[in-house]
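Me: I would like to learn how to read a few features of a protein model, one at a time. Could you give me the general idea for each and then the case here?

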Amino acid sequence: MMPFLFRQVDIASLSFFRFLFGLLAFIDVTSTLTYKHWYKNWLDSEAFHYKYYGFSWARIPDDPWLTLFLLSLMLAAFCMAIGYRYRLAATYFAFGFTYTFLMEKAFYLNHGYFLCVLSFLMIFVPAHRNFSLDIFRRPELYRERIPYWPLFLLQFSMGVVYFFGGIAKLNADWLRAQPLKIWLQSKSSHSIIGPLLEPELTAYFMAYGGLLLDLFVTFFLLSKRTRSWAFGFVLFFHLTNVLIFEIGVFPWLSIALTSLFFAPDYPRKIYAGFQRRLPTLNWPLVAQRWEMRLAKNGTQLYGQQALLHAPATQQRISWAIGIFCVINLLLPLRHHLFPGPVAWTEEGHRYSWRMMLRSKRGYGHFIIRNGTTGAEEKIKPREWLNDKQGYKLFTHPDMILQFAHHLRDHYRAQGMQEVEVYAHIKARLNDHPYQVYVDSEVDLAAEEWPFFRSKNWIVPYQSPRERQGEDD
């Protein structure tokens, strides 16, 4: 058992994070509904969709059920924010949001996966035991102090994202400010910050600044002496990303999680500061009404204010936290089990916090061959896929194979007995030249996806040094 996990701390920061998490979750689902579904129509239930292997059952519902489902997730996120029927809302949101995450693999983003992980954590943490509507319904839930373990889980999760994000940046391209040079040049026409993004020095500053921050910020956040400075750099880093890149709610979620490294009572101190500096807003009246409402509902404010666990429960919680930590420390390392650079093969890229590390583009076509007659047909994927799917296809081997299987099944359904599918695809990493990505002699219709071994139809990556050796 780990005693430090059960020391009593103020619940204020956890309750405040609950509100922020619910708000950001609400915004994220709203974006899925309004942009991906209504505006872009990327969630057409009749269209082809990439699936995560093992989760092909995660089908997209027909409308109006899909719209109603997303609206229900928005409602659940709102209920989490205000702490109304919190456990039910958190459970429904965790499973529902994860289902939406699984519906289309082309939408994969680290923040989407991170939201899934955090959503399941939020089911178990007692974030509703103060500053929530639940304590009006059930006054016995009210607590001022809780064990430290819920905050530890959230701090640990954010620390893992930072640290492995920094480890992933220790590669030759990042150290020469690629792909930031490419991205910042494309943003140099911005009317306000464009002139600041154009110099090459800016790309190097952001590359090395991001590397150092990711690697060391967690350690500085753990020290009271350096915490404020570290949080200032975190704010600068994430707000800069908000200005330059379109990465959804991830910067705001990271800021909210990073704030949990401060003393757990920091929201109370901020509130007290408003009381001192803005007396005209009559902040004390808010607190008085809160306490009067609690007292009216039978809550004993000065009774049992700490959430305590029995020794057996502490033991179970310790084991669960230990398993969670081990999994999250090992999962980002699994790409070392496969040969070749992970940015090229994509084997072990997802769920490993390899965030905004490479600019990768590709192009090509597929050949359908009738195994009986030898007749061939050229397939242009853009005519079969939406723009998001088509962009992702040429740089992700698992999507290439799934699309090849989709073509195989389509032509079989049309009566072709022996269907062979060959991919002619080239791709490039950052500013390097295009290279052949898939062995065009391999019939992908006959290939299956092996989880634990390398794919022999992915053409090995040639580094600049290897290409130079061939030229010599």
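Me: Where does W353 lie, and is W353 buried or exposed?

Reply: W353 lies in the loop between helix 16 and strand 3, where helices (H or I, at least four residues) and strands (E, at least two) are DSSP runs numbered from the N terminus. This is a predicted model, in which local features need pLDDT of at least 70 and side-chain atom pairs count only at pLDDT 80 or more, while totals for chains, interfaces and linings use all residues. Residues are numbered from 1 along each chain as its sequence is written, and side-chain values use heavy atoms, with hydrogens and water left out. Buried means under 20% relative accessible area, exposed means over 50%, and partly exposed is in between (1.4 Å probe, protein chains only). W353, with a relative accessible area of 3%, is therefore buried. The phi of W353 is near 60°, a positive value in a residue other than glycine.

Me: Which other residue has a positive phi although it is not a glycine?

Reply: Y351 does, with a phi of about 65°, and Y351 is also found in the loop between helix 16 (342–345) and strand 3. Y351 counts as partly exposed because its relative accessibility is 22%.

Me: How should I read a cavity, and which residues line the largest cavity?

Reply: Rolling a probe the size of a water molecule over the atoms shows where empty space is left. Here a cavity is a set of points, on a 1 Å grid over the protein atoms alone, where a 1.4 Å probe fits but cannot get out, and lining residues have an atom within 4 Å of a point. Grid points are joined across faces, edges and corners, and a volume is the space filled by probe spheres set on the points. The count comes to one cavity of 30 Å³ or more, and the largest cavity has a volume of about 40 Å³. Its lining is made by F114, V117, S157, V160, V161, N328 and W353. Helix 4 (110–124) and helix 6 are the elements that give two or more residues to this lining, and the largest share, three residues, comes from helix 6.

Me: How do I read the sheet, and in what order do its strands run?

Reply: Strands of a sheet pair through backbone hydrogen bonds, either parallel or antiparallel. Two strands are taken to pair if DSSP finds at least two bridges between them. In this model four strands form an open sheet in the order 4-3-5-6, with antiparallel pairing. Strand 4 and strand 6 (435–436) are the edge strands, each pairing on one side only. Strand 3 (residues 360–370) and strand 4 (residues 376–379) pair over four bridges, and I367 stands opposite K378 in strand 4. These two strands form a hairpin with five residues between them, and G374 in the turn has a positive phi of about 85°. Strand 5 (residues 419–429) and strand 6 pair over two bridges, with V436 in strand 6 as the bridge partner of K426.

Me: Finally, which peptide bonds are cis?

Reply: The peptide bond from D63 to P64 is cis, with omega near 10°, and P64 has its place in the loop between helix 1 (12–39) and helix 2 (65–82). The bond from Q178 to P179 is cis too, with omega near 10°, and P179 is found in the loop between helix 7 (172–175) and helix 8 (180–186).

Key:
1 Å grid on protein atoms, 1.4 Å probe; cavity = no way out; pocket = protein on both sides within 12 Å on 5 of 7 lines; lining within 4 Å.
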